[in-house]
Amino acid sequence: MTLFFINFNQKTDKLTGRYNYLIEDEGTYILKDKITFTDSIFKFDNKYLPKGKISYGNSILLDNFINTDLIISIPKDQITKDTIPFFMHDKQSPVANYLDVVVGKGKLVRIK
């Protein structure tokens, strides 16, 4: 007789759920808004901010974050945590790879 065990708590490679979005400003974190992640799209609770696109790769990129020039990078190994650090990058940066230059940072805190 063979027994099969199925793990229903599969590890996900995608951001899902609702998070508070906090920005670091001079060593303190300021709550800005709430974000909902669904598959490859995210949207802010503030209806005036546009929806954005999520790209999955070696790191996770949130494109169209608040404005079209700002992109967020998240280390892939962090997405299963309740508090996720992120880094902000300016697409208009004069360097060849704008992801090499961090212009700000913050945290996403899961809302349970």
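Modeller: A strand is a DSSP run of E with at least two residues and a helix a run of H or I with at least four, both numbered from the N terminus. This is a predicted model, in which local features need pLDDT of at least 70 and side-chain atom pairs count only at pLDDT 80 or more, while totals for chains, interfaces and linings use all residues. Side-chain values use heavy atoms, with hydrogens and water left out, and residues are numbered from 1 along each chain as its sequence is written.

Biologist: Where is the place of Ser93?

Modeller: Strand β7 covers 83-90 and strand β8 covers 104-110. Ser93 sits in the loop between β7 and β8.

Biologist: Is Ser93 buried or exposed?

Modeller: Buried means under 20% relative accessible area, exposed over 50%, and partly exposed in between, with a 1.4 Å probe and protein chains only. Ser93 has a relative accessibility of 18%, so Ser93 counts as buried.

Biologist: Which residues does Ser93 touch, not counting residues up to four places away in sequence?

Modeller: A contact needs heavy atoms within 4.5 Å. With residues up to four places away in sequence not counted, Ser93 touches Tyr98 and Val101.

Biologist: In what order do the 8 strands close into a barrel?

Modeller: Two strands pair if DSSP finds at least two bridges between them. The pairing in this barrel is antiparallel, and the order is β1-β2-β3-β4-β5-β6-β7-β8.

Biologist: Which residue in β6 stands opposite Leu62?

Modeller: Strands β5 (residues 59-63) and β6 (residues 70-75) pair in the antiparallel sense over 5 bridges. Ser59 stands opposite Pro75 in β6. Leu62 faces Ile72.

Biologist: Which residue takes a positive phi in the hairpin of β5 and β6?

Modeller: That hairpin has 6 residues between the strands. A positive phi near 70° is taken by Asn64.

Biologist: What is the bridge partner of Lys53 in β5?

Modeller: A hairpin joins β4 to β5 through 3 residues. The two strands pair in the antiparallel sense over 3 bridges. Across from Lys53, the partner in β5 is Asp63.

Biologist: How many salt bridges does the structure hold?

Modeller: A salt bridge is a side-chain nitrogen of Lys or Arg within 4 Å of a carboxyl oxygen of Asp or Glu. The number in the structure is 6.

Biologist: How many residues apart in sequence are the parts that Lys14 and Asp39 tie together?

Modeller: Lys14 forms a salt bridge with Asp39, with the closest N and O atoms 2.9 Å apart. Lys14 lies in the segment before β1 (17-25) and Asp39 in the loop between β2 (28-38) and β3 (41-44), so the distance in sequence is 25 residues.

Biologist: How far apart are the closest N and O atoms of Asp45 and Arg18?

Modeller: Asp45 is partly exposed at a relative accessible area of 40%, and Arg18 is partly exposed at 32%. The two form a salt bridge, and their closest N and O atoms are apart by 2.5 Å.

Biologist: Which residues are linked with Asp82 in a network of salt bridges?

Modeller: Arg110 forms a salt bridge with Asp82, the closest N and O atoms being 3.1 Å apart. Arg110 lies in strand β8 and Asp82 in the loop between β6 and β7, so this pair ties together parts 28 residues apart in sequence. In the network, Asp82 is linked with Arg110 and Lys112.
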